[in-house]
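I opened my notebook beside this model and jotted down what I looked up. Come and read along.

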Amino acid sequence: MNDVVFLRPPVADGRLCLLTASSDHSIVLWDISSSENSGVSPPQLHSYMGHEDCVRGLLLVPERDAFWSVSNDQTIKCWKVTGGEQTATLVGHLHFIYRISPLKKPAGGFMTAGEDKTLRIWSPV
């Protein structure tokens, strides 16, 4: 796993969940609300598929029931947590994208950093 983001209610239908980004191109939503420390993986609620390469980072946008993901496929994707719909794809980096970080409000938006030695600032609507 390359990144982990915790979701607290009311995101994810009121459950305590986490999202993981993986090298297998997937993002998985896990239900950890009732998991015990038993060494067994918690139940998967949803798998978000759409990246064509390793998913490197995640950024939660709880007020929109959404999150952003960045990948080695040079794309940034927005997803609905509930339902899993992919709502946007942004392009601009010329190589792998390694990190995504929020910008301070009130400006909003986020920045990404990539293998192409650039830092890009995004203000998607």
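The model is predicted, so I used local features only at pLDDT of at least 70 and side-chain atom pairs only at pLDDT 80 or more, while totals for chains, interfaces and linings use all residues. My numbering runs from 1 along each chain as its sequence is written, and my side-chain values use heavy atoms, with hydrogens and water left out.

Next I checked the pairing: β3 (residues 26-31) and β4 run antiparallel over 5 bridges. Strands here are DSSP runs of E, at least two residues, numbered from the N terminus, and two of them pair if DSSP finds at least two bridges between them. I then traced the open sheet of 4 strands, in the order β1-β2-β3-β4 with antiparallel pairing. Its edge strands, β1 (3-7) and β4 (44-49), each pair on one side only.

I turned to the rings and found 5 aromatic pairs (Phe, Tyr and six-membered Trp rings with centres within 6.5 Å; planes under 30 degrees apart are stacked, over 60 edge-to-face, the rest tilted). Tyr-48 and Trp-79 are edge-to-face, because their centres lie 5.9 Å apart and their planes stand at 70°. Tyr-48 sits in β4 and Trp-79 in β7 (residues 75-80), so this pair ties together parts 31 residues apart in sequence. Buried or exposed, I wondered, is Tyr-48? Tyr-48 is buried, at 1% relative accessible area, and Trp-79 is buried at 2% (buried means under 20%, exposed over 50%, partly exposed in between, with a 1.4 Å probe and protein chains only). Tyr-48, Phe-67 and Trp-79 form one aromatic cluster.
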